[in-house]
Amino acid sequence: MPRTGTWRALFVGALLVILWLAVRPNAGAEDWFDQADKLRHAAAFALLWLVGWRAGARGWMLAAGLLVFGGLIEGLQSLTPDREPSWGDVVADAVGVALGALATRRR
């Protein structure tokens with residue numbers, strides 16, 4: 001199992017990859033179904049939660065940081081020519097964080 005330092009590096013890497021995917025020029029490909037981007041947001045933020053949790057971040061600090069990151073993404077998208085910011089994406093990010101938190105909840 002990777003050590004905490006490795007998980008931290010993976011967490012930073014995941015943040016950077018997700019940021020790049022969110023602000024790169026839109027490829028123009030059609031989604032398979034309406035609101036597919038919301039599913040991608042939720043999955044990405046659940047993954048970020050899981051990797052962040054393994055890196056040693058916990059609780060409300062991790063949740064708040066990820067939600068600020070989601071808001072940052074939407075703000076940056078407002079500066080790009082072919083992306084649109086969406087509060088629905090931030091809600092989907094929060095759903096992903098909640099799902100990640102449920103997955104790591106100690107019983």
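Guide: The angle is about 40°, with the axes 7 Å apart. Axes are lines fitted to C-alpha atoms, for helices over the stretch in contact, and angles run from 0 to 180 degrees between N-to-C directions. Helices are DSSP runs (H or I, at least four residues), numbered from the N terminus.

The model is predicted: local features need pLDDT of at least 70, side-chain atom pairs count only at pLDDT 80 or more, and totals for chains, interfaces and linings use all residues. Residues are numbered from 1 along each chain as its sequence is written, and side-chain values use heavy atoms, leaving out hydrogens and water.

Visitor: Which residues of H2 are buried?

Guide: Buried means under 20% relative accessible area (1.4 Å probe, protein chains only). In H2 the buried residues include Phe-45, Trp-49 and Trp-53. The buried residues of H2 pack against helix H1 (4-23), H3 and H4, where contact means heavy atoms within 4.5 Å.

Visitor: What span should helix H2 have?

Guide: The expected span is 1.5 Å times one less than the number of residues. For the 19 residues of H2 (residues 36-54) that gives 27 Å, and the end C-alpha atoms are 27 Å apart, which agrees.

Visitor: At what angle do H3 and H4 pack?

Guide: Helix H3 (residues 59-77) and helix H4 (residues 87-104) pack at about 155°, with axes 10 Å apart. That makes H3 roughly antiparallel to H4.

Conventions:
Helix = DSSP H or I, 4+ residues; strand = E, 2+ residues; numbered from the N terminus. Parallel < 35°, antiparallel > 145°, perpendicular 65-115°, else oblique. Buried < 20%, exposed > 50% of the residue type's maximum accessible area, 1.4 Å probe, protein only.
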